[in-house]
Amino acid sequence: MDKRGNMYSRNMRLFAAIMTLIEALVLTSFTGCAGKKVDYGNESESKETKNMSALADIRADSGWNENFTIQTGNGEKTVYVYANIVVPDFDNMSVVEVENVKIDADYKKRFLDLYFGGNEYYYHDPDHYTVDELNEVIEYWQKEQDDTYREWLEQRLAEYRDKLETAKTTYTVAKDLENCEVFAGYKGDVFCEVEFEAHKVHAYALHQSGTDYGPPSLRNEDYDTITQTFQDDDLKDKADETSNEGSKSAASAKKEAGNFLSKLGMQDLVERGECECSWIGFNIDSEKENDYQTAAWGYIYSYATGIDGITFKDGFDMDTYLSGYEAIDSDIDDVTLPDSTLLTVTDDGIIDVQMEYPVNVTQIYKDVELISLKNIEQIIKAEITENPDKYDTAATFNKLQLSYLKIRSDSEQGKYSYVPAWVLSRMVDSNEQNAIFVNAIDGTIINLENSL
């Protein structure tokens with residue numbers, strides 16, 4: 001996709017975002033998260049309060065196998081639990097307090113200065129497009145045949161024609177970083193763009209010398225479109241240098257990525273994985289099914305906040321637990337999804353940066369005491385017994401997992417705690433259903449449904 005295609009795509013994404021509900025997933029806050037003591041009390045409970053200092057006893061447990069009877073609105077029902085127990089692969093757990101990275105003018109300057117290596121950068125929102133760029137976008141949209149967005153396209157075309165009256169022929173150097181969210185500049189010969197959102201940053205190459213940016217072998221073929229292929233941030237493969245067109249070794253590329261994060265103040269992130277950066281070149285109007293070519297050029301590295309070498313993002317898969325909920329609160333500050341960072345390193349340096357929900361660690365409480373597994377089981381049984389109609393008890397609960405859950409502070413906006421928590425659930429169509437979350441320190445039921 002060329003420069004005008006990037007502009008078109010970005011504006012279409014903006015339109016789609018306006019036309020759809022923002023799925024902001026909100027977790028319940030509970031007393032004690034902010035200004036917490038790590039030795040949580042459970043004085044109101046009449047259950048066993050024996051604590052354990054290590055996870056070895058749990059790991060050796062064969063599982064939770066039990067059935068018990070509850071009284072529902074439709075009479076008595078039997079709840080079946082035949083759950084495998086899944087615990088992290090380390091000896092003790094901690095509480096980790098974090099706060100959102102504030103993406104303000106100071107942060108934008110720090111990022112832009114680092115990304116562009118001290119070179120100047122420009123405003124690149126539609127109000128600052130050059131005359132040539134505006135004409136390219138207008139021409140591109142005029143060819144659009146999809147009537148689905150016809151009314152929206154006509155409105156945007158009118159706006160962009162109006163912008164032509166005051167547009168400049170050259171870029172405007174960015175000085176006021178507070179009131180602009182999109183910037184562009186050159187990394188060598190590579191023209192790149194950086195977009196800032198409330199909790200996201202995306203930097204990427206737009207083109208090189210008037211052509212699509214990508215591996216030399218694909219650029220030499222003169223394809224209409226050269227693009228980096230989709231890559232999830234859950235990277236499993238090790239970077240393979242044997243088939244990579246890049247001149248850098250995987251080790252030097254990883255060091256470059258680490259230095260970039262360190263200078264940005266994110267040196268405490270845990271590496272999640274790496275892989276080669278794969279690209280595809282193809283001709284848009286080609287009728288040939290195999291008229292495309294792929295190549296590997298550069299490396300991708302994935303990072304996230306974590307502790308003891310394990311990232312919190314790799315604990316509970318919140319996408320599966322929350323897939324059945326419909327968000328009714330679009331306040332982005334309430335989003336409690338884990339952070340993630342992807343860096344793409346090519347011969348031109350750090351080119352692609354994707355950061356979502358970045359946080360800074362503010363406090364770590366090591367080796368917190370956990371309620372015994374027996375007590376957790378009793379708390380979960382009491383929750384199901386006391387609230388029988390909240391859960392579908394027709395199927396067997398088959399998984400009891402201990403990991404870290406991100407909990408929003410109930411008193412300080414933008415601050416969270418990663419707290420050890422248990423969840424009992426069952427797998428249905430690749431989603432964790434009937435999830436019952438319990439704070440592993442104080443036994444609090446963390447009710448996701450009531451928070452929406």
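Is Trp-297 buried or exposed? I looked this up before anything else. The model is predicted. Trp-297 has 2% relative accessibility, so it counts as buried; the cut-off for buried is under 20%.

**Entry: the whole protein.** I noted nine helices and 21 strands. Of the 452 residues, 48% are buried. I then checked contacts with a separation of 6 or more, and 75% of them join residues 24 or more positions apart. The protein exposes about 22200 Å², and carbon and sulfur atoms supply 43% of that area.

**Entry: ring pairs.** My search of the whole structure gave 20 aromatic pairs. I opened one of them, Trp-141 with Trp-152. The ring centres are 5.7 Å apart and the planes meet at 65 degrees, so I wrote down edge-to-face; that label needs an angle over 60 degrees. Trp-141 belongs to helix H4 (residues 131-142) and Trp-152 to helix H5 (residues 150-163), so the pair ties together parts eleven residues apart in sequence. Both Trp-141 and Trp-152 are buried.

**Entry: back to Trp-297.** I found that Trp-297 pairs with Trp-279. This pair is tilted, with 5.8 Å from centre to centre and 50 degrees between the planes. Trp-279 sits in strand S10 (residues 270-282) and Trp-297 in strand S11 (residues 292-304), 18 residues apart. Trp-279 has 4% relative accessibility, so it counts as buried too. Arg-219 lies over the face of Trp-297, 5.8 Å from the ring centre.

**Entry: other rings.** I traced a cluster linked by ring pairs; its members include Tyr-107, Phe-111, Tyr-115 and Phe-260. Last, I looked at Tyr-416. The charged end of Lys-406 sits over the ring of Tyr-416, 4.5 Å from its centre.

Terms used:
Residues are numbered from 1 along each chain as its sequence is written. This is a predicted model: local features need pLDDT of at least 70, side-chain atom pairs count only at pLDDT 80 or more; totals for chains, interfaces and linings use all residues. Side-chain values use heavy atoms; hydrogens and water are left out. Helices (H or I, at least four residues) and strands (E, at least two) are DSSP runs, numbered from the N terminus. Buried means under 20% relative accessible area, exposed over 50%, partly exposed in between (1.4 Å probe, protein chains only). Contact means heavy atoms within 4.5 Å. Accessible areas come from the Shrake-Rupley method with a 1.4 Å probe; for residues, only the protein chains shown count as cover. Rings of Phe, Tyr and Trp (its six-membered ring) pair if their centres lie within 6.5 Å; planes under 30 degrees apart count as stacked, over 60 as edge-to-face and the rest as tilted. A charge sits over a ring if NZ of Lys or CZ of Arg is within 6 Å of the ring centre and within 35 degrees of the ring normal.
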